[in-house]
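Good morning, and thank you for coming.

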Amino acid sequence: MKRIAALLLAAGLVFSCSACGTDIKNGKNTRIFTDSVGREVEVPQTVGKVAVSGPFAQIVLFALCPERLAGLSVPWDDTALPFIGEAYRDLPVLGQLYGGKGDFDPEALLASGANIVIDVGETKGDVGAELDALSEQTGIPFVHIGVNTDTMGEGYRMLGDLLGMEEEAANLASYCERVYADTKALSEKVEKKSLLYCLGDAGLHVITQGSYHSEVIDLLSDNRAVVDSPASRGTGNEVDMEQLLLWDPDVILFSPGSVFASAAEDPLWQQLRAVAAGTYYEVPEGPYNWLSFPPSVQRYLGMQWLAALLYPEVYEGDFYGAAAEYFRLFYHSELTREEFEALTASSLGKLQE
């Protein structure tokens with residue numbers, strides 16, 4: 001809350017709604033929308049341009065309404081650019097409210113023409129009070145849509161109501177619900193493999209059981225990374241090699257940019273049975289990490305990938321077809337077989353060696 005207030009003060013943006021150029025509180029053409037924390041927010045009857053609070057919301061809203069984005073919270077990741085239409089690559093960058101640099105730019109928001117700001121993701125702390133302050137200070141309504149992997153369908157339906165895009169949102173909601181239900185059903189009929197998801201330059205950060213970022217891993221595996229205080233950030237909890245050896249799982253996943261390429265030649269990593277047996281893989285990245293960062297809707301692609309990787313004898317269907325469906329729905333892009341094979345070369349590709 002203090003950080004948000006400081007941003008507004010630094011930008012000289014503490015003023016009344018009548019001074020901000022986005023006066024929706026005129027008693028006309030507005031309605032009340034109740035968001036995920038129970039806030040009754042006055043929003044335009046017909047929402048035009050939309051701003052997003054961070055990369056999580058950016059991926060969610062790009063799937064639903066790319067043509068209505070007033071700007072980006074962060075520039076598209078290099079891994080996303082081949083799959084993002086040219087019309088959406090150079091939208092103005094408005095900054096992000098939470099995580100990362102926390103570089104939300106109120107002045108850029110006002111200049112963007114957005115008449116609503118949407119925050120999607122984990123419901124944390126006093127998010128309601130923070131968004132109330134931002135709404136009051138800028139005159140632009142801020143709403144929060146809280147979601148987990150098992151409630152993303154509900155989140156999309158709320159967005160459909162908010163944006164007047166019920167049919168489009170229902171299509172995405174149904175997809176998320178179907179994929180989650182299928183994955184949960186698969187997870188209930190397999191003997192779960194023990195697993196660690198290792199991140200960082202040295203591979204000594206782990207995504208811990210019970211954290212928001214571990215939802216897919218916890219669903220499909222016996223996540224050995226159990227700690228007293230799971231981190232709620234994408235970099236996970238820092239541990240040491242001694243702890244990894246104590247956990248010693250069947251499978252290790254490495255995040256992109258970690259030590260996947262060198263683990264087999266490293267005497268320390270060779271002590272882990274997953275490395276010795278070759279059952280270690282790199283999480284695909286493009287667009288973004290498929291499992292955890294940001295922990296957005298690409299996790300529905302990630303859960304299908306992880307099911308196919310860990311339990312190929314049970315996973316049904318052609319995963320390339322599943323991935324192509326995801327890219328069409330969420331990135332409005334056609335995924336070629338060559339692109340798919342490049343993205344999965346260090347994971348599913350290893351199974352075929």
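**A loop, a helix and a helix pair**

I begin with Tyr288, which is buried, its relative accessible area being 8%. The cut-off matters here: a residue counts as buried when that area is under 20%. Please bear in mind that this is a predicted model.

Where is Tyr288 found? Its place is the loop between β11 and α11. Tyr288 is not a glycine, and yet its phi is positive, at about 65°. For context, most residues other than glycine have a negative phi, and most peptide bonds are trans.

Gly286 and Pro287 are joined by a cis peptide bond, with omega about -25°. Pro287 is placed in the loop between β11, residues 280-282, and α11. A cis peptide bond also runs from Phe293 to Pro294, and there omega is near -5°. Pro294, too, is in the loop between β11 and α11.

Let us move on to helix α11 itself. It covers residues 298-310, which makes 13 residues. From first C-alpha to last it reaches 18 Å, close to the 18 Å expected at 1.5 Å a residue. Is this helix enclosed or open? Of its 13 residues, 13 are buried, so α11 is largely enclosed by the rest of the structure.

I now turn to a pair of helices, α6, residues 166-187, and α12, residues 319-331. How do their axes cross? The axes come within 11 Å and cross at roughly 150°. That angle makes α6 roughly antiparallel to α12, because angles over 145 degrees count as roughly antiparallel. The crossing of α6 and α12 is left-handed.

Which residues meet at this contact? From α6 they are Asn171, Leu172, Tyr175, Cys176 and Arg178. From α12 they are Ala322, Glu325, Tyr326, Leu329 and Phe330. Sorted by class, the contact has 7 nonpolar residues, 1 polar and 2 charged.

Finally, consider His332, in the loop between α12 and α13, the latter being residues 337-343. His332 has a positive phi of about 55°, although it is not a glycine. Is His332 buried or partly exposed? With a relative accessible area of 43%, His332 is partly exposed, whereas Tyr288 is buried.

That concludes my presentation, and I thank you for your attention.

Terms used:
Residues numbered from 1 in each chain as written. Predicted model: local features only at pLDDT ≥ 70, side-chain atom pairs only at ≥ 80, totals over all residues. Heavy atoms only, no water. Helix = DSSP H or I, 4+ residues; strand = E, 2+ residues; numbered from the N terminus. Expected span 1.5 Å × (residues − 1). Buried < 20%, exposed > 50% of the residue type's maximum accessible area, 1.4 Å probe, protein only. Axes fitted to C-alpha atoms, helices over the stretch in contact; angles between N-to-C directions. Parallel < 35°, antiparallel > 145°, perpendicular 65-115°, else oblique. Left-handed = near helix turned anticlockwise from the far one by under 90°. Contact = heavy atoms within 4.5 Å. Nonpolar A, V, L, I, M, F, W, Y, C, P; charged D, E, K, R; others polar.
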